[in-house]
Structures are given as C-alpha cells and as structure tokens.
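User: Hi! Could you walk me through this structure? I'd like to ask a few quick questions as we go.

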Amino acid sequence: MVTLIKLRLTFRALQDMNFPIFAGSALRGIFGKSLRRVSCLAKQESCDGCAVRQTCPYAFLFENGQQTSGKNNEIPNPYVIEPMELENKQIKQNEEFSFNCLIFGKAVEKLSYIVLAWVKVGNLGFTTQRTQARLIKIEQINEDGVVNLLYDFEQTHALQAYADTNYSLPKSKEISKIRITLKTPLRIHHEGHPVVPAKFTAQDFLISLVHRQENMAKYFMPDYPVEDFNILKKYIDAVKLSEADLHWFDWSRYSSRQKKRIALGGIMGNFVLQGNMTVLYTYLKMGELFHLGKSCVLGMGKYTIEIIE
C-alpha cells in the first residue's frame, strides 16, 4: 500500500469559457493562487524567510523546487493536474467540465486545504479572461476505476463517501511487449535539450519513468518501494523501441515568475516496447498516475499502456 488519492473535480460554468488547447498551465496557475490565499499567514510576495514556511500548505505544494540548490537536486511537487482533452475547449454557460487532481504521499495531509482552494478557484476566475465557474462536486477515482462521491455542493443530502488514501501497488506481471500511448506531450531533456521524436529511445522513456518515481519516493512517499537502479538499468538497456508513430506537439506557457514565455513542446503518439520488463511492470503501471518527464504537475507526460500478448 502507498498513500495517494486521485480526485475528479467537476465545475459548472457561470459564463461562456474558452480554455487553451492545453489547459494544464492555466489550471495550475489559478490553483496556486487560490491555495496561497487560503493558507498564507504572512501575506508576503515571496515565501523566502517566512517563519511558518515549513508547515505552510502552499509552500509544501508549490515551492519545493526553490528549496534546493542546483537543478539536479530539485524536489518535485507532490501533485499532478490532469486537464481536459487536448483541444480548444469552449464551454458554454451552465455547461459542466471536469479534470483530475492527483495528490501523492505526505501531500495528502494537506487535503482539506487543497479542497478548499479548489472550492475558491471558481470565484477567482479561469483563463486570462477570469471567467467564473462553480465547483459542484468532487469524486475519488479508485485504483479499480470505481468512482466515489466525496462532496456534492449542489445536493446537500447526497450520499457521500470517505476519502480512501491507501492505494494498492499492482502485482508483478510477466511482460515482454507493450504499447505506450502518449496522451499529453512528453518532454524529456538530454544534455540540456529536449529529445525529439527521431532520436527518442526506450531508454529515454524508461530512465525518466524510474527517476520520477524514485524522486517522489525519496521526498514524499517513504512507503513507496523502489528497486536498486543498477539492477533495473540492466533490464532497461535491453528494451527496444519499435512501431513508433510519433510527432512533436508544440506549445508554450507564460511564467509570471520569470516574466516570459517558456517552450514546453513534447512528443505525442504511440510506440511499442519489447524486452523483459517484468521487473519494470510496477513502474510502468504506476507511471500512468505519476506521469513522467518535464512539467508533470501541468499534466504533461501522461500515457497509457496496453499489454500485447
């Protein structure tokens, strides 16, 4: 068992809304703004030097990367926002729209703040037009796909369940061939540059996959079992990539911190991995939740696997 929770948040638009083609950055931005409002005591522009930073929900969820020196030691943020499908999402007034928020390990302790922040998000407004929406329900998507209602803000007498933050790891499974379908852009850097489809390898995917989960285990999930990377590397090196149907998806986001647009394009499409991946199966299945590559918190690096017999 490990500690994590996958929430599905459903809003009702109070005005016509127009989300960008990839909404992850917009959703994370407004979530961060709302979380800071409900949790910050100091009301300062920066978290640096704050006396209560170590216990602040906002700093815990959003400022981890700022606590380390050097990009190789950067602490990941313990959540992922999975936005709507990749398309220009035009939502009419009174129409419902949903997206997911996954919370990992120690961050689950901040669940009440996270829920309150999402409740308040609708009043702040989505997208650059600050169009408003109301959170109408929060559901939990369990490991078996069953959906349980946690909060219903329109039907106060609706039957609601308690959040279950225990998640069973998938059992080891003998696999030698799988198809990976990238649902959102995958951006992996090699020697400071993004890996493009023509140079993308099985090792790029698998090493990024394992390192992502190792980092989450190190900083937030002490109950998450990780294998010796030197042992895994022997299996990773033997895996081959084939039947690749890949392309580059280009997009960028504006960073208010850096005051400029940041390129976040990544690889989309599908490919097949072949080799003895039995020891990697847990990583591959859990990676569907953790994502991999750059900007996972925005929902990038999401994929699904299909076992090919």
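Analyst: Happy to. One term first: contact, or touching, means heavy atoms within 4.5 Å. Also keep in mind that this is a predicted model.

User: Good. Which residues touch the most other members in the largest nonpolar core?

Analyst: Those are F97, W118 and F126, in a core of 66 residues.

User: And what does W118 touch?

Analyst: Leaving out residues up to four places away in sequence, W118 touches L9, F11, L27, F31, I81, F99, C101 and L135. There is also another core lying apart from the largest one, with 28 residues, including I180, I236, L292 and I305.

User: What is N100 in contact with?

Analyst: Setting aside neighbours within four places in sequence, N100 contacts K6, L7, R8, V80, I81, E82 and I141. I81 is also one of the residues that W118 touches.

User: And N18, where is that?

Analyst: N18 is in strand β2, which covers residues 17-19. N18 is partly exposed, at 42% relative accessible area. Beyond its neighbours within four places in sequence, it is in contact with K89, Q90, T127 and Q129.

User: How far is N18 from T304?

Analyst: They are 27 Å apart in space, C-alpha to C-alpha, and 286 residues apart in sequence.

User: New topic: what is the strand order in the open sheet of four strands?

Analyst: The order is β12-β15-β9-β16, with antiparallel pairing. At the edges are β12 (240-249) and β16 (303-307), each pairing on one side only. From one strand to the next, the twist averages 10°.

User: How many bridges join β9 to β16?

Analyst: Five, with β9 spanning residues 177-186 and running antiparallel to β16. For instance, L182 has Y303 in β16 as its bridge partner.

User: Which helices pack on that sheet?

Analyst: One is α4 (residues 202-219), which touches β9, β12, β15 and β16, with its direction at about 100° to that of β15. Another is α6 (residues 281-290), touching β9 and β16, and its direction makes about 135° with that of β16.

User: Great, thanks!

Technical notes:
Residues are numbered from 1 along each chain as its sequence is written. This is a predicted model: local features need pLDDT of at least 70, side-chain atom pairs count only at pLDDT 80 or more; totals for chains, interfaces and linings use all residues. Side-chain values use heavy atoms; hydrogens and water are left out. Helices (H or I, at least four residues) and strands (E, at least two) are DSSP runs, numbered from the N terminus. Buried means under 20% relative accessible area, exposed over 50%, partly exposed in between (1.4 Å probe, protein chains only). A nonpolar core is a set of buried Ala, Val, Leu, Ile, Met, Phe, Trp, Tyr and Cys residues joined through side-chain atoms within 4.5 Å. Two strands pair if DSSP finds at least two bridges between them. Axes are lines fitted to C-alpha atoms, for helices over the stretch in contact, and angles run from 0 to 180 degrees between N-to-C directions.
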